[in-house]
Amino acid sequence: MGGSGTPPPVRDEKGIERLSLGAALGIAGAAVALVSPIVFVLIVAFAPGGFFTFQTTFVQVTGALVIAGAVLLLVSLFVYRRAFAQLRKVDRRFLSASVLCLIGSIGFLLLIVSATLVIGNASSLLSCVKGQPSHALTCLRSGNALGAYTGLAGFWLGWLGGVGIVVGISFAGSRFGRGAFYGGAVTYAILLLLLIGPFLNLLYPVPGIRYLLWGVPIFSLLGPALVLVGSRSATPVAAPS
């Protein structure tokens with residue numbers, strides 16, 4: 001790791017700074033794209049009334065929140081990838097994380113496109129769903145196949161980007177010796193598992209889905225928060241003499 005160019009400690013420092021920024025953007029994106037819509041859906045399910053009913057305005061507002069949050073998460077994933085690419089210069093293990101985050105960025109772009117298509121077809125989608133969220137994907141597929149398949153591809157590519165974050169943050173924990181990084185990696189991993197439940201619920205009813213929905217906003221905020229704590233306390237690794 002010796003040689004010419006920028007010494008490893010400086011590269012580490014830049015990587016740490018980008019991890020911190022990526023985590024901060026991740027908190028903001030999760031609050032807008034995941035926490036708010038899920039809270040809205042839970043209110044519709046358990047205390048419906050006024051705006052909080054399954055109708056066109058509700059779907060349009062929720063879709064707009066998802067789009068805004070997805071943009072923030074896309075930028076967060078991009079910054080995470082930049083952090084892992086920076087750290088890859090001194091530790092080749094970060095290469096896989098960087099590649100997976102790049103794949104995830106494509107997925108979030110597709111999710112933004114899909115959410116935009118859903119908003120544009122909210123009325124017809126609602127008339128087909130008839131209050132049964134588990135019918136949403138089938139109705140979207142029959143009414144707007146492009147939006148449905150774009151969303152499916154976007155979800156799984158974005159999910160792979162989440163795997164990249166888990167891998168990269170785990171390596172950061174190993175490199176910088178910060179337990180908060182390990183905690184963030186585990187929390188992100190749990191979040192990825194929880195997200196599979198609501199996605200499957202679009203295909204067929206999943207028992208206990210409400211409990212999974214409660215877990216998603218909690219872990220979506222806790223994961224980047226732990227990464228932020230770890231990055232704030234991490235210090236560059238000294239260059240070998």
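I started with Ile 43 and found it in helix H1; helices (H or I, at least four residues) are DSSP runs, numbered from the N terminus. The model is a predicted one, in which local features need pLDDT of at least 70 and side-chain atom pairs count only at pLDDT 80 or more, while totals for chains, interfaces and linings use all residues. Residues are numbered from 1 along each chain as its sequence is written, and side-chain values use heavy atoms, with hydrogens and water left out.

I then listed contacts of Ile 43, leaving aside neighbours within four places in sequence, and got Pro 48 and Phe 52; contact means heavy atoms within 4.5 Å.

Next entry: Ala 28. Ala 28 also lies in helix H1 and is partly exposed, at 31% relative accessible area.

Next entry: Ser 20. Helix H1, which covers residues 8–46, holds Ser 20. Ser 20 counts as buried, because its relative accessible area is 13%. Not counting residues up to four places away in sequence, Ser 20 touches Leu 228, Ser 231 and Arg 232. The side chains of Ser 20 and Arg 232 also make a polar contact of 3.3 Å; such a contact is a pair of N or O atoms within 3.5 Å, and within protein one must be able to donate a hydrogen and the other to accept it, with residues adjacent in sequence counting only if both atoms are side-chain atoms.

Last entry: aromatic rings. How many aromatic pairs does a search of the whole structure find? I noted eight; rings of Phe, Tyr and Trp (its six-membered ring) pair if their centres lie within 6.5 Å, with planes under 30 degrees apart stacked, over 60 edge-to-face and the rest tilted. One of them, Phe 40 with Phe 58, is tilted, at 6.4 Å centre to centre and 50° between the planes. This pair links Phe 40 in helix H1 to Phe 58 in helix H2 (residues 56–88), 18 residues apart. Phe 58 is buried at 3% relative accessible area.

Key:
Helices (H or I, at least four residues) and strands (E, at least two) are DSSP runs, numbered from the N terminus. Buried means under 20% relative accessible area, exposed over 50%, partly exposed in between (1.4 Å probe, protein chains only).
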